[in-house]
Amino acid sequence: MDRIYSPWRSGYFDSKMCGCVFCEISQNAQDDEKNRVIYRDGVCFGVMNLYPYTPGHFMLIPHKHCDCPSLLDTKEWQHIHMLSQKAFDVLYEYGASGINMGMNIKQAGGAGLPEHIHLHFVPRYLGDTNFLTSIADARTYGIDFDSVFLKIKTLCTKHFTRG
């Protein structure tokens with residue numbers, strides 16, 4: 001059996017946060033810059049993944065605290081998916097060659113934060129799995145996280161606010 005090893009996420013597993021991290025972000029718009037929020041409206045918000053698999057990895061998250069999409073009303077679900085269509089343009093303009101999109105539902109479904117659903121957008125780049133990744137269980141990114149955040153936030157402003 002292959003193992004997925006991602007040691008850069010150890011801070012997430014070691015954190016002792018009380019309550020739901022996504023609800024905390026949802027309820028504190030004044031901290032959006034600190035929390036790396038790239039988009040916010042009345043239904044959902046977008047946030048950079050603090051433990052990205054590739055540069056530009058972000059999530060769309062409903063404000064409603066729920067652990068399954070069936071608990072959202074149809075309009076909320078459709079709104080998030082309308083934005084997900086625009087997320088592709090964000091990441092392609094950022095430079096992605098392809099995109100993985102997905103949602104892990106509940107703990108048995110692989111969710112790292114199973115109590116609050118979130119839709120991942122992972123940009124993929126030609127050659128993003130390379131020699132180092134293959135033999136050393138490591139990845140290198142030649143770009144600063146904050147600069148990625150600012151670029152993705154700017155692109156979300158451009159693409160998510162279009163009709």
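Modeller: Two residues are in contact when heavy atoms of theirs lie within 4.5 Å. This is a predicted model, where local features need pLDDT of at least 70, side-chain atom pairs count only at pLDDT 80 or more, and totals for chains, interfaces and linings use all residues. Residues are numbered from 1 along each chain as its sequence is written, and side-chain values use heavy atoms, with hydrogens and water left out.

Start at Cys 44. Leaving aside neighbours within four places in sequence, Cys 44 touches Ile 61, Pro 62, His 63, His 79, Ile 80 and Leu 83. Its relative accessibility is 0%, so Cys 44 counts as buried (under 20% relative accessible area; exposed is over 50%, partly exposed in between; 1.4 Å probe, protein chains only). His 118 is 74 residues away along the chain, yet the two C-alpha atoms are 9.8 Å apart.

Cys 44 sits in strand 2. Strands are DSSP runs of E, at least two residues, and helices are runs of H or I, at least four, both numbered from the N terminus. The open sheet has five strands in the order 1-2-3-5-4, paired antiparallel; pairing takes at least two DSSP bridges between two strands. Strand 1 (37-40) and strand 4 (98-102) are at the edges with a single partner strand each, so one side of each has no neighbour in the sheet. Strand 3 (residues 58-62) pairs with strand 5 (residues 119-124) over three bridges. Phe 58 has Phe 121 as its bridge partner in strand 5.

Now the helices. Helix 6 (residues 145-160) lies across strand 1, strand 2 (44-48) and strand 3, at about 15 degrees to strand 1. Axes here are lines fitted to C-alpha atoms, for helices over the stretch in contact, and angles run from 0 to 180 degrees between N-to-C directions. Helix 4 (residues 74-94) and helix 6 have axes that come within 9 Å and cross at roughly 130 degrees. The two helices are therefore oblique to each other (under 35 degrees is roughly parallel, over 145 roughly antiparallel, 65 to 115 roughly perpendicular, the rest oblique). Leu 83 of helix 4 and Cys 156 of helix 6 are among the residues making that contact. Leu 83 also touches Cys 44. Cys 156 is buried too, at 0% relative accessibility.

Last, the bonds. The structure holds zero disulfides, meaning pairs of cysteine sulfur atoms within 2.5 Å. For Cys 68, the closest cysteine sulfur is in Cys 66, 7.6 Å away, too far for a bond.
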